[in-house]
2 protein chains.
Amino acid sequence: MKNENSTLEIKQMILNSNTVVVSSLDKNGYPTSRAMLMLNEKTSLSEMYFSTNTFSYKVIQFHENSKASLYFHTTNPFRGLYLKGEINIIFDQKIKDFFWHEGDEKYYRFGKTDPNYCILKFTPVEGNYYCGLRIDRFVIFDGEIQLVKPDLNTEVPDFLKQLYKEYINKMKTQSNEK
Amino acid sequence: MKNENSTLEIKQMILNSNTVVVSSLDKNGYPTSRAMLMLNEKTSLSEMYFSTNTFSYKVIQFHENSKASLYFHTTNPFRGLYLKGEINIIFDQKIKDFFWHEGDEKYYRFGKTDPNYCILKFTPVEGNYYCGLRIDRFVIFDGEIQLVKPDLNTEVPDFLKQLYKEYINKMKTQSNEK
């Protein structure tokens, strides 16, 4: 039941959001973020689209490295959704036509065929859903969300192992005192 | 005058924000984001603090790679602020005491000395301020904001150079038609 709720909430968050924080990597390997408006014509769990200026740093960044993430969030109640995936840059005129909106000349002065107008396509593979203190981890496969267990293959540094021992000891002491 | 306004707005945005999107790099080099509450006791242009669970993926990530970014934004009017820098993990008990709030036991059951409670310190070096269609680029040096010109050392891929030529030609054609 809990699983079904999370899956539904994740879907709703993706389908109902406009502003999304899109992250890329800069030339020095730092994460870089900016808010972008999601184009909602073809949004699904498998693909999300954005229009942008061709002559912008993020296009150079995604051309160099397609690794990307999206972050959606709401306050009251707090919900956060992180999606990890790849971003591809699209110049195909049919796709540019499809996503064109009246008034976009404000950003792209030469209209639909403006070389400075292009489309970014994000394809997610996995993500985290933050709901209160709970974190649900999931993969997206064939357009469907599958909740998964935390990744236990992560290498834990020694200082964290030591702190975790201290933590477990505190728990033991507490339960002995009861 | 424009410069002074931007500098003031950037300062205000940092000092008045609570929720910030914090980005790190995961073990596969993908940007990863989550919203966090900024601790406002010692916030300045040179340092920003967050408390977090020691036993969380982000602590492992920042231990492996301190490269980080913060992203602040508001809607109506839209303003976005990206800060690039480093995050260090702090276990110093005095600093943990300093940032402790009544009620934090909800997140850290053993209180101020909980091994699962630690502080993240973000130190920014540069950033972008997005205000409407304008982007101001700046560096932070000695706790002060200095606006800078776009980085012209960026290597531009050939396909973008070609598209830029097309763009310039369109501009020439347009101005000849007038």
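In chain B, the side chains of B:Asp136 and B:Arg134 meet in a salt bridge, with N and O 2.8 Å apart. A salt bridge here is a side-chain nitrogen of Lys or Arg within 4 Å of a carboxyl oxygen of Asp or Glu. In general terms, side chains of opposite charge can pair when their charged atoms come close. B:Asp136 counts as buried because its relative accessibility is 6%, whereas B:Arg134, at 31%, counts as partly exposed. Buried means under 20% relative accessible area, exposed means over 50%, and partly exposed lies in between (1.4 Å probe, protein chains only). Salt bridges that share partners also join A:Asp26, B:Lys84 and B:Glu126 into one network.

The model is predicted: local features need pLDDT of at least 70 and side-chain atom pairs count only at pLDDT 80 or more, while totals for chains, interfaces and linings use all residues. Residues are numbered from 1 along each chain as its sequence is written, chains are lettered from A and ligands numbered from 1 in the order in which they are written, and side-chain values use heavy atoms, with hydrogens and water left out.

**Salt bridges**

A search of the whole structure finds twelve salt bridges over all chains. The table lists some of them.

| Residue with N | Residue with O | N to O distance |
|---|---|---|
| A:Lys84 | B:Asp26 | 2.7 Å |
| A:Lys121 | A:Glu47 | 3.5 Å |
| B:Arg79 | B:Glu9 | 3.7 Å |

Helices (H or I, at least four residues) and strands (E, at least two) are DSSP runs, numbered from the N terminus. At 25% relative accessibility, A:Lys121 counts as partly exposed.

In chain B, the salt bridge of B:Glu9 and B:Arg79 connects helix 1 (residues 2–16) with strand 5 (residues 79–90), so the pair ties together parts that are 70 residues apart in sequence. Both partners count as partly exposed, B:Glu9 at 25% relative accessibility and B:Arg79 at 23%.

**The interface of chain A and chain B**

The contact (heavy atoms within 4.5 Å) takes 59 residues from chain A and 59 residues from chain B. The size of an interface is often given as the accessible area lost when the parts come together. Here the area buried between the two chains is about 5300 Å², of which carbon and sulfur atoms give 67%. Buried area is the accessible area (1.4 Å probe) that two parts lose on being put together, summed over both. In chain A, the residues that lose the most area to chain B are A:Tyr30, A:Pro31 and A:Tyr57, together 13% of what that side buries.

Across this interface the rule finds two salt bridges. The count of residue pairs in polar contact between the chains is 20, both residues being at pLDDT 80 or more. A polar contact is a pair of N or O atoms within 3.5 Å; within protein, one must be able to donate a hydrogen and the other to accept it, and residues adjacent in sequence count only if both atoms are side-chain atoms. Helix 4 of chain A gives the largest share of the side of chain A that touches chain B, nine residues.

**Cysteines**

The structure holds zero disulfides over all chains, a disulfide being a pair of cysteine sulfur atoms within 2.5 Å. A:Cys118 counts as buried, at 0% relative accessibility, and B:Cys118 counts as buried at 0%.
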